[in-house]
Amino acid sequence: MFKRLAFTLLLMPLSVFADDEQTQAVAWLEKMGDALREETYSGTFIYMRGARFDTIQVAHQFKDDEVVERMTNLSGAEREIIRHNDHAVCLHPDDNSVVPHALPRGPFTHSFNRNLVENHSNYDIGLHGTGRIANRRAIRISISPKNSDRYGYRLWLDEETGLLLRSNLVNNGRVLELFQFTDVNIGDDIAPELLTASISGENVFEHELLTPQNVVAQAAAQQPPSWRVNWMPRGFRQVSAPDGGGMVFTDGVATLSVFVEKRGNSLGDVQTIVGGTVVLSRPIKGSSEQITVVGEVPLDTAKRVAESVEPVIY
């Protein structure tokens, strides 16, 4: 009987096992998406992006189908982000206006798994054994792009709850950005004072932030465009920019923005990479405009996007 079973397994195509593994990995991603929103947790994580290294304290409560969350910078410039469901505000002293104002994207968002599943044809998703993060057993998942026009991820999910414990943004095996919990408590009650702002006073600057979910959900701008992008990586679609300017594209996992402006207000001829974010700016041949591409894609992808931009002739 055993020999017959072994012989049958040998005859089965490898694609059957690969499909089963991907199904299991996608199920874990769905569990991760639920856990990021519906688990109550608190702890400290590190976030490395290029030469920037931040230590952040997070308290996340899910109660009565409502999310309340506070993220506090423990290193560098003073800053707090308070979130109620999809509404988020940033608080910091006035003189910290240079602090980057953005919410983490990618696996940090509970829509990451849904967007990835919708665009799974652009990625290979697989299980890679187990590990240990913040003294908790973790399931390891790889998300690898099928083409070199976008980045991949390596994820470590809590074996018990599916909560994201670590994430590496990778390009050809090189880690560009890293998020990792150093300590985390899951399921414990959170004291109310840990969910309210601790930065206060007359000199505190407060402003609203758009969450990644809201940015993607907005409809494309209705104004007739003056410029168009003729090439984008497969799966990217246009959404509106938070401030109504430029053209913003996303595949639900990565985001890419394209701006065209008069050359007098431009950055000049620039290309730089900070962590997983590329900034490319160059004059448009035969015009007085400059194009700037900013996004979470490889430099070669940004160059190809920039080269495809052309004016719209009505």
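A polar contact is here a pair of N or O atoms within 3.5 Å; within protein, one atom must be able to donate a hydrogen and the other to accept it, and residues adjacent in sequence count only if both atoms are side-chain atoms. The model is predicted, and local features therefore need pLDDT of at least 70, side-chain atom pairs count only at pLDDT 80 or more, and totals for chains, interfaces and linings use all residues. Residues are numbered from 1 along each chain as its sequence is written, and side-chain values use heavy atoms, with hydrogens and water left out.

The protein contains five helices and 19 strands (DSSP runs numbered from the N terminus; helices are H or I with at least four residues, strands E with at least two). Of its 314 residues, 46% are buried (under 20% relative accessible area; exposed means over 50% and partly exposed in between, with a 1.4 Å probe and protein chains only). The accessible surface amounts to about 16600 Å², and carbon and sulfur atoms account for 50% of this surface (Shrake-Rupley method, 1.4 Å probe; for residues, only the protein chains shown count as cover). Among contacts between residues at least 6 apart in sequence, 52% join residues at least 24 apart (a contact being heavy atoms within 4.5 Å).

Ser142 lies in strand β7, residues 136-145. Its side chain forms a polar contact of 3.0 Å with that of His128. Apart from neighbours within four places in sequence, Ser142 is in contact with Asp124, Ile125, Gly126, His128, Tyr153 and Arg154. Ser142 counts as buried because its relative accessibility is 7%.

Tyr123 belongs to strand β6, which spans residues 123-133. With a relative accessibility of 1%, Tyr123 is also buried. The side chains of Tyr123 and Asp251 are joined by a polar contact of 3.0 Å. Between Tyr123 and Ile143, which are 20 residues apart along the chain, the C-alpha separation is 6.3 Å.

Thr161 is located in the loop between β8 (152-158) and β9 (164-171). Its relative accessible area is 10%, so Thr161 is classed as buried. The Thr161 side chain takes part in a polar contact of 2.7 Å with the side chain of Asp158, and reaches the backbone nitrogen of Leu163 at 3.2 Å. When residues up to four places away in sequence are not counted, Thr161 touches Lys31, Ala35, Glu39 and Ile186.
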